[in-house]
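Here's a quick tour of a protein chain, written for someone with the structure open on screen.

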Amino acid sequence: MPGESLSQVIIIKLPFPVPTDPVFAARSEAIEKKGGSSFMELSVPDAVIKFRQGFGRLIRRGDDKGVIVVLDRRIITKPYGKEFISSIPETRRMANPLKHIISAEKRFWETP
């Protein structure tokens with residue numbers, strides 16, 4: 001949604017696929033049989049694509065501005081979190097307690 005119609009996206013958890021989905025389970029099994037890691041070769045790449053799509057909902061044009069809040073701390077605590085972070089454009093990033101993020105967001109909206 002370009003323009004001011006959408007100004008914030010909150011991602012509660014990283015969008016990993018449901019492991020019980022039959023298609024996903026079959027693909028995972030095939031990767032594991034070949035000695036690979038279905039998590040790193042299938043789950044993470046799939047989740048990164050969905051994450052980028054969520055990010056793209058907010059920023060559609062060059063003059064769009066907004067805030068994306070990711071509440072899933074795995075993005076900074078797990079090694080695969082780097083895959084998510086490196087998949088999006090360079091932005092101002094914070095990894096702070098929620099009250100600090102809320103204060104920074106208020107300042108962001110007050111800045112012309």
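This is a predicted model: local features need pLDDT of at least 70, side-chain atom pairs count only at pLDDT 80 or more; totals for chains, interfaces and linings use all residues.

As for where to find it, look at the loop between β2 (67-70) and α3 (74-77), which is where Asp72 sits. Skip the neighbours within four places in sequence, and the residues in contact with Asp72 are Ile11, Ile12, Lys13 and Leu14.

## The chain as a whole

Stepping back, the protein chain has five helices and two strands. Read from the N terminus, the order is β-α-α-β-α-α-α. With 112 residues, the globule rule gives a radius of gyration of 13 Å, but the chain comes out at 17 Å, well over that, so it is more spread out than a compact globule. The C-alpha trace spans about 55 × 30 × 20 Å along its principal axes.

How much of the chain is buried? Buried residues account for 29% of the 112. The chain exposes about 8,000 Å², and 57% of that comes from carbon and sulfur atoms. There's also a sequence angle to the contacts: take those between residues at least 6 apart in sequence, and 70% of them join residues at least 24 apart.

## Where α1 meets α2

Two packed helices are described by the angle between their axes and the distance between the axes. Here, helix α1 (residues 22-33) packs with helix α2 (residues 38-58) at an angle of about 150°, and their axes are 9 Å apart. That angle makes α1 roughly antiparallel to α2, because anything over 145 degrees counts as such.

Which residues do the meeting? From α1 there are Phe24, Arg27, Ser28, Ile31 and Glu32, and from α2 there are Ser38, Glu41, Leu42 and Ser43.

## Ser43, in a helix

Ser43 is one of the α2 residues that meet α1, and it's worth a click of its own. Ser43 lies in helix α2 and is buried, with a relative accessible area of 9%.

What does Ser43 touch? Leaving out residues up to four places away in sequence, Ser43 touches Phe16, Pro17, Phe24 and Ser38. Phe24 belongs to the α1 side of the helix contact, while Ser38 is in α2 along with Ser43.

Definitions and conventions
Residues are numbered from 1 along each chain as its sequence is written. Side-chain values use heavy atoms; hydrogens and water are left out. Axes are lines fitted to C-alpha atoms, for helices over the stretch in contact, and angles run from 0 to 180 degrees between N-to-C directions. Helices (H or I, at least four residues) and strands (E, at least two) are DSSP runs, numbered from the N terminus. Angles under 35 degrees count as roughly parallel, over 145 as roughly antiparallel, 65 to 115 as roughly perpendicular and the rest as oblique. Contact means heavy atoms within 4.5 Å. The radius of gyration is taken over C-alpha atoms; the globule rule is 2.2 Å times the number of residues to the power 0.38. Buried means under 20% relative accessible area, exposed over 50%, partly exposed in between (1.4 Å probe, protein chains only). Accessible areas come from the Shrake-Rupley method with a 1.4 Å probe; for residues, only the protein chains shown count as cover.
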